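Here is a briefing on one protein model. Look over the sequence and the structure first, then take the points below by topic.

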Amino acid sequence: TPSPSASSTPRSNRYALLTACPGTSKCWIYRVRSGDNLYSIARYFGVPIAKVYAMNTWLKTTGLKSGQSLRLPPPTR
């Protein structure tokens with residue numbers, strides 16, 4: 001029986017919510033919407049919260065606000 005294998009590029013329409021980071025590979029920009037929180041964003045895209053914090057150091061001093069640009073690693077879902 002065939003077994004599932006990891007894909008290097010997620011097959012998800014969630015990329016429609018993202019734009020590529022200019023000049024940076026494996027980086028996507030998500031525009032924060034009203035009602036979003038960091039946990040729900042990370043869970044939706046299947047990315048570790050620690051990685052999101054590492055890519056957005058300003059999160060440690062500033063909370064999320066609607067309209068902000070949040071850098072994310074490629075979605076895994």
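**Asn56 and its surroundings**

Beyond its neighbours within four places in sequence, Asn56 is in contact with Ser69, Leu70 and Arg71. The model is predicted. Asn56 sits in the loop between helix 2 (49-55) and strand 3.

- Is Asn56 buried or exposed? Asn56 is buried, because its relative accessible area is 2%, and the cut-off for buried is under 20%.
- The Asn56 side chain also makes a polar contact: it reaches the backbone oxygen of Val52 at 2.8 Å.
- Val52 itself belongs to the largest nonpolar core, and is among the residues there that touch the most other members.

**Strands**

- Strand 1 (residues 18-20) pairs with strand 2 in the antiparallel sense, over three bridges.
- In that pairing, Thr19 stands opposite Ile29 in strand 2.
- Strand 2 (residues 28-31) is also joined to strand 3, by four bridges, and these two run antiparallel.
- Here Ile29 stands opposite Arg71 in strand 3.
- Strand 3 (residues 69-72) has two faces: Leu70 and Leu72 make up the covered one, while Ser69 and Arg71 make up the uncovered one.

**Largest nonpolar core**

- The core holds 13 residues. Which of them touch the most other members? They are Leu18, Tyr30, Ile41, Phe45, Val52, Leu70 and Leu72.
- Two elements give two or more residues to this core: helix 1 (38-45) and strand 3.
- Helix 1 gives the most, with four residues.

**Aromatic pairs**

- A pair of aromatic rings is described by the distance of the centres and the angle of the planes.
- How many aromatic pairs are there? The count comes to two.
- Tyr30 and Phe45 form an edge-to-face pair, because their ring planes are at 70°, and the cut-off for edge-to-face is over 60 degrees. Their centres are 5.5 Å apart.
- Tyr30 lies in strand 2 and Phe45 in helix 1, so this pair ties together parts that are 15 residues apart in sequence.
- Tyr30 and Phe45 are both buried.
- Tyr44 and Phe45 form an edge-to-face pair as well, at 5.0 Å centre to centre and 90° between the planes.
- Tyr44 is partly exposed, with a relative accessible area of 35%. Phe45, in turn, counts as buried because its relative accessibility is 1%.
- Tyr30, Tyr44 and Phe45 make up one aromatic cluster.

**Disulfide**

- How many disulfides does a search of the whole structure find? It finds one.
- The bond joins Cys21 to Cys27, with the sulfurs 2.0 Å apart.
- The link of Cys21 and Cys27 is left-handed, with -50° about the S-S bond.
- Cys21 is buried, and Cys27 is buried too.

**Loop residues**

- Lys26 lies in the loop between strand 1 and strand 2.
- Lys26 is not a glycine, yet has a positive phi of about 55°.
- Lys26 counts as exposed because its relative accessibility is 69%, and the cut-off for exposed is over 50%.
- Ser34 is found in the loop between strand 2 and helix 1.
- Ser34 is exposed as well, with a relative accessible area of 68%.
- How far apart are Ser34 and Lys65 in sequence and in space? They are 31 residues apart in sequence and 7.5 Å apart in space, C-alpha to C-alpha.

Note on methods
Residues numbered from 1 in each chain as written. Predicted model: local features only at pLDDT ≥ 70, side-chain atom pairs only at ≥ 80, totals over all residues. Heavy atoms only, no water. Buried < 20%, exposed > 50% of the residue type's maximum accessible area, 1.4 Å probe, protein only. Pairing = 2+ DSSP bridges. Core = buried A, V, L, I, M, F, W, Y, C linked by side-chain atoms within 4.5 Å. Polar contact = N/O pair within 3.5 Å; in protein donor to acceptor, adjacent residues only side chain to side chain. Contact = heavy atoms within 4.5 Å. Disulfide = S-S within 2.5 Å. Phe/Tyr/Trp six-rings, centres within 6.5 Å; stacked < 30°, edge-to-face > 60°.
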